[in-house]
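Here are some questions and answers on a single model. Please look through the structure first.

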Amino acid sequence: MDANDLSEQTFGEWVRVRRDGHVAELVMDRRGAMNAVSTAFAVALADACAALARDGDVRVTVLTSTHERAFCVGADLKERNSLGDAELAAQRPRSRAAYSGVLELPMPTIAAVHGYALGGGYELALSCDLIVADTTAVVGLPEVSVGVVPGGGGTQLLPRRVGAARAAELIFSARRVAAGEAHALGMVDLLAAEGEDRGEALALAERIAANSPVGLRAAKRALRTGWGMDLRGGLEVEEAAWRTVAFSGDRAEGVAAFNEKRKPDWPGK
């Protein structure tokens, strides 16, 4: 695929991937259910992430929603209510694959959030590296209010953003947090005007995508792998990332372009 061609691919009934240059938009489009994560939706999302992970031309992925009032409201509780214990156990790997698919994408990822991002919906956003939210956003992990726990990474990802005690308060209270407070707490990273979350996220993605694809992926690996390590271990992770980039074509091109005062033409290897 030519990285300069605009293209679109559909996964299942409700998930699409749009590629525009080096930026991919992962679109959630289950409008009739506010993107509630059903089994079929989860499978489609995991498949889309697998395709993106294989695409070396994509430098940044932006996760978006077509629903005007919601990013994603979390698990499809209507479907869950119809499942017996054995069926729920069988469904669990498919659900996990959707969240881990987003979390493990090798390129930088940005969530564009407006309206409700609750439970598994907020966990999809947490699985991204950055969260851009507009002023209508309402986020939270209310799972204990319906007798479950965050199961899409929330108990691990939220403390890494806001600290253990704050995450405990948010998870135990099951409260919903409006955009302004969410930004102040670090639950989202950038606050956009109403209706501007997607535009701001895509603009940020374009700025990021102008940088070395080898450098971006190596930096993400270092950031993610170093989470939770002691300083010595983290610095060894950083050293491995440095070696990945230091002897790459991107490093040679970046240094040459700097000295020649021109825009780099990244080879991506």
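Q: In which helix is the place of leucine 158?

A: This is a predicted model, in which local features need pLDDT of at least 70, side-chain atom pairs count only at pLDDT 80 or more, and totals for chains, interfaces and linings use all residues. Residues are numbered from 1 along each chain as its sequence is written, and side-chain values use heavy atoms, with hydrogens and water left out. Helices (H or I, at least four residues) and strands (E, at least two) are DSSP runs, numbered from the N terminus. On that basis, leucine 158 has its place in helix α5.

Q: Is leucine 158 buried or exposed?

A: Buried means under 20% relative accessible area, exposed over 50%, and partly exposed in between (1.4 Å probe, protein chains only). Leucine 158 has 1% relative accessibility, so this residue counts as buried.

Q: Which residues is leucine 158 in contact with, leaving aside its neighbours within four places in sequence?

A: Contact means heavy atoms within 4.5 Å. With the neighbours within four places in sequence set aside, the partners of leucine 158 are Tyr122, Leu126, Leu141, Gly163, Ala167, Leu170, Ile171 and Met187.

Q: How are helix α9 and helix α10 oriented to each other?

A: Two packed helices are described by the angle between their axes and the distance between the axes. Axes are lines fitted to C-alpha atoms, for helices over the stretch in contact, and angles run from 0 to 180 degrees between N-to-C directions. Helix α9 (residues 213-226) and helix α10 (residues 231-246) pack at about 170°, with axes 9 Å apart. Angles under 35 degrees count as roughly parallel, over 145 as roughly antiparallel, 65 to 115 as roughly perpendicular and the rest as oblique, so α9 and α10 are roughly antiparallel.

Q: How many salt bridges does a search of the whole structure find?

A: A salt bridge is a side-chain nitrogen of Lys or Arg within 4 Å of a carboxyl oxygen of Asp or Glu. One of them joins arginine 18 to glutamate 8, with the closest N and O atoms 3.2 Å apart. The search of the whole structure gives 17.

Q: By about how many helical turns are glutamate 169 and arginine 166 separated?

A: Glutamate 169 and arginine 166 form a salt bridge, with the closest N and O atoms 3.4 Å apart. Both are in helix α6, three residues apart, so their separation is about one helical turn.

Q: Which residues are linked in a network of salt bridges?

A: Glutamate 8, in the pair with arginine 18, is partly exposed with a relative accessible area of 49%. Arginine 18 is also partly exposed, at 25%. The network links Glu8, Arg16, Arg18, Glu25, Asp29 and Arg198.

Q: What is the phi of alanine 174?

A: Alanine 174 is found in the loop between α6 (164-173) and β10 (177-178). At 14% relative accessibility, this residue counts as buried. Although alanine 174 is not a glycine, its phi is positive, at about 60°.
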